[in-house]
Amino acid sequence: MIAIIKYNGGNVHSVQNALNRLNAESIITDDFELIQKADKVIFPGVGEASSTMNLLKEKGLDKLIPNLKQPVLGICLGMQLMCKNNEEGDTEGLGIFDINVKKFPPKDIVPHMGWNTISEIKSPLFSGIEKKNDLYFVHSYYCELSEYTTSVCDYILPFSASLQKDNFFATQFHPEKSGKIGAELLNNFLKL
């Protein structure tokens, strides 16, 4: 069973539909016991960092998520909130990844929206996926490059397209909206 964390700030149904296409059983929940017992956990996100973090705190999910032991996948804002700090609203994140999230400089159109190529891939999430594939992004803030970076995208500047630390995986792009490649990545996550 895959638990998709419910916190009124995510693209939970889009993620669940993608899992349904992979014949993976999932539940959208904020129940601590169900989340802790799940084989895998997905922490999706669409929205604004500070208000979303407040919702996590209200439900106590800010304490639960960093202590999960099974594979956890953060998506988009979920990835950003797994970091230390976010410039959006000067928001303190969950601190799983000891890096900052910054706003793109206004040297091109922001938000970065649409299909873009990733490179420098190094993660089991990309097993069997060829390098230089396009994935779907929608974001105005980016995660710095760091020791946790498992793929890189270049828009205005190079940034972390994905991260990994221990059992925590994260993608800035939306695998649930990234067609066949995104489905392969989700399937790799299910096999961890």
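Glu144 is partly exposed, with a relative accessible area of 22%. On this scale, buried means under 20% relative accessible area, exposed means over 50%, and partly exposed lies in between (1.4 Å probe, protein chains only). The model is predicted, so local features need pLDDT of at least 70 and side-chain atom pairs count only at pLDDT 80 or more, while totals for chains, interfaces and linings use all residues. Residues are numbered from 1 along each chain as its sequence is written, and side-chain values use heavy atoms, leaving out hydrogens and water.

What does the side chain of Glu144 meet? It forms a salt bridge with the side chain of Lys102, at 3.1 Å from N to O. A salt bridge here is a side-chain nitrogen of Lys or Arg within 4 Å of a carboxyl oxygen of Asp or Glu. Glu144 sits in the loop between strand S10 (141-143) and S11, and Lys102 sits in strand S7, so the pair ties together parts that are 42 residues apart in sequence. Lys102 is partly exposed, at 29% relative accessible area. The names S and H follow DSSP: helices are H or I runs of at least four residues, strands are E runs of at least two, and both are numbered from the N terminus.

Two strands count as paired if DSSP finds at least two bridges between them. S5 and S6 run antiparallel and are joined by two bridges. Across this pair, Asn85 stands opposite Glu92 in S6. Between strand S5 (83-86) and strand S6 (91-92) comes a loop that holds Asp90. Asp90 is not a glycine, yet its phi is positive, at about 45°. Asp90 is exposed, with a relative accessible area of 61%.

Now move to the other sheet. How many strands form the open sheet that starts with S2 and ends with S9? Nine strands do, in the order S2-S1-S3-S4-S13-S12-S11-S8-S9, and the pairing is mixed. Its edge strands are strand S2 (26-29) and strand S9 (134-139), each of which pairs on one side only. Neighbouring strands are turned against each other by 30° on average, direction ignored. Angles like these compare N-to-C directions and run from 0 to 180 degrees, with axes fitted as lines to C-alpha atoms, for helices over the stretch in contact.

Start at one end of this sheet. Strand S1 (residues 2-5) runs parallel to S2, and four bridges join the two. Ile4 stands opposite Ile28 in S2. Helix H1 (residues 12-21) lies across S1, S2, strand S3 (40-43) and strand S4 (72-75), at about 170° to S2. Helix H6 (residues 179-191) also packs on the sheet. The strands touched by H6 include S1, S3, S4 and strand S13 (168-171), and the direction of H6 makes about 140° with that of S3. Contact means heavy atoms within 4.5 Å.

Two loops deserve a stop. One lies between strand S7 (97-103) and S8, and Pro111 is found there. A cis peptide bond joins Val110 and Pro111, with omega about 15°. The other loop runs between strand S11 (149-155) and strand S12 (157-165) and holds Ile156. Phi of Ile156 is near 70°, a positive value in a residue other than glycine. Ile156 is partly exposed, at 27% relative accessibility.

Return to the salt bridges. The whole structure has six. One of them joins Lys180 and Glu184, at 3.5 Å from N to O. These two are four residues apart in helix H6, so about one helical turn separates them. Lys180 is exposed, with a relative accessible area of 66%, whereas Glu184 is partly exposed at 25%.

Helix H2 (residues 32-37) holds Lys37 and Glu33, which are four residues apart and therefore separated by about one helical turn. Their side chains meet in a salt bridge of 2.9 Å, N to O. Is Lys37 buried or exposed? Lys37 is exposed, with a relative accessible area of 62%. Glu33 counts as partly exposed, at 48% relative accessibility.
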